[in-house]
Amino acid sequence: MAIESEDVVMKLVREGKPQEIANIIWAMARLGHEAPSLARAIESKEVVTKLMRKGNSQDIANIIWAMATLGH
């Protein structure tokens, strides 16, 4: 399964821990892969709220860095 599959992305953002989400988007940014489906999902209000409630400052910083690096 590809990371850009809508089903995979939605499962990740719904069920994944903030660190798992951060690790994947960080890796995509390091590889220079835009990951548009993942970026759109991360930008949703529901996911941002989840990350702010359950994530730690390092997870959030990694996500912000990755999103900025990818131009989102």
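**Reading the labels in this model**

User: Serine 37 is found in helix α3. What makes residues 36-42 a helix here?

Analyst: α3 spans residues 36-42. Before we go on: the model is predicted, so local features need pLDDT of at least 70 and side-chain atom pairs count only at pLDDT 80 or more, while totals for chains, interfaces and linings use all residues. Residues are numbered from 1 along each chain as its sequence is written, and side-chain values use heavy atoms, with hydrogens and water left out.

User: Why is serine 37 called buried?

Analyst: Its relative accessible area is 9%. Buried means under 20%, exposed over 50%, and partly exposed in between (1.4 Å probe, protein chains only), so serine 37 is buried.

User: How do you know that the side chains of serine 37 and glutamate 6 make a polar contact?

Analyst: The distance for that pair is 3.0 Å. A polar contact takes N or O atoms within 3.5 Å, one able to donate a hydrogen and the other to accept it, and residues adjacent in sequence count only if both atoms are side-chain atoms. So the serine 37 and glutamate 6 side chains qualify.

User: What about leucine 12, buried or exposed?

Analyst: Leucine 12 lies in helix α1 (residues 6-15). At 12% relative accessibility, leucine 12 counts as buried. Leaving aside residues up to four places away in sequence, leucine 12 touches Ile21, Ile24, Leu38 and Lys50, where contact means heavy atoms within 4.5 Å.

User: And which label goes to glutamine 58 and which to isoleucine 64?

Analyst: Glutamine 58 is found in helix α5, and at 48% it counts as partly exposed. Isoleucine 64 also has its place in α5, but with 54% it is exposed. The C-alpha atom of glutamine 58 is separated by 8.9 Å from that of alanine 22, 36 residues apart along the chain.

User: Why are α2 and α5 called roughly parallel?

Analyst: Helix α2 (residues 18-31) and helix α5 (residues 57-69) pack at about 30 degrees, with axes 8 Å apart. Angles under 35 degrees count as roughly parallel, over 145 as roughly antiparallel, 65 to 115 as roughly perpendicular and the rest as oblique. So α2 and α5 are roughly parallel to each other.

User: Which residues meet there?

Analyst: Among them are Ile21, Ala22, Ile25 and Trp26 in α2, meeting α5 residues including Ile63, Trp65, Ala66 and Met67.

User: One more: what makes alanine 35 worth a look?

Analyst: Phi of alanine 35 is near 50 degrees, a positive value in a residue other than glycine. Most residues other than glycine have a negative phi. Alanine 35 is found in the loop between α2 and α3, and with a relative accessible area of 0% it is buried.

Terms used:
Helix = DSSP H or I, 4+ residues; strand = E, 2+ residues; numbered from the N terminus. Axes fitted to C-alpha atoms, helices over the stretch in contact; angles between N-to-C directions.
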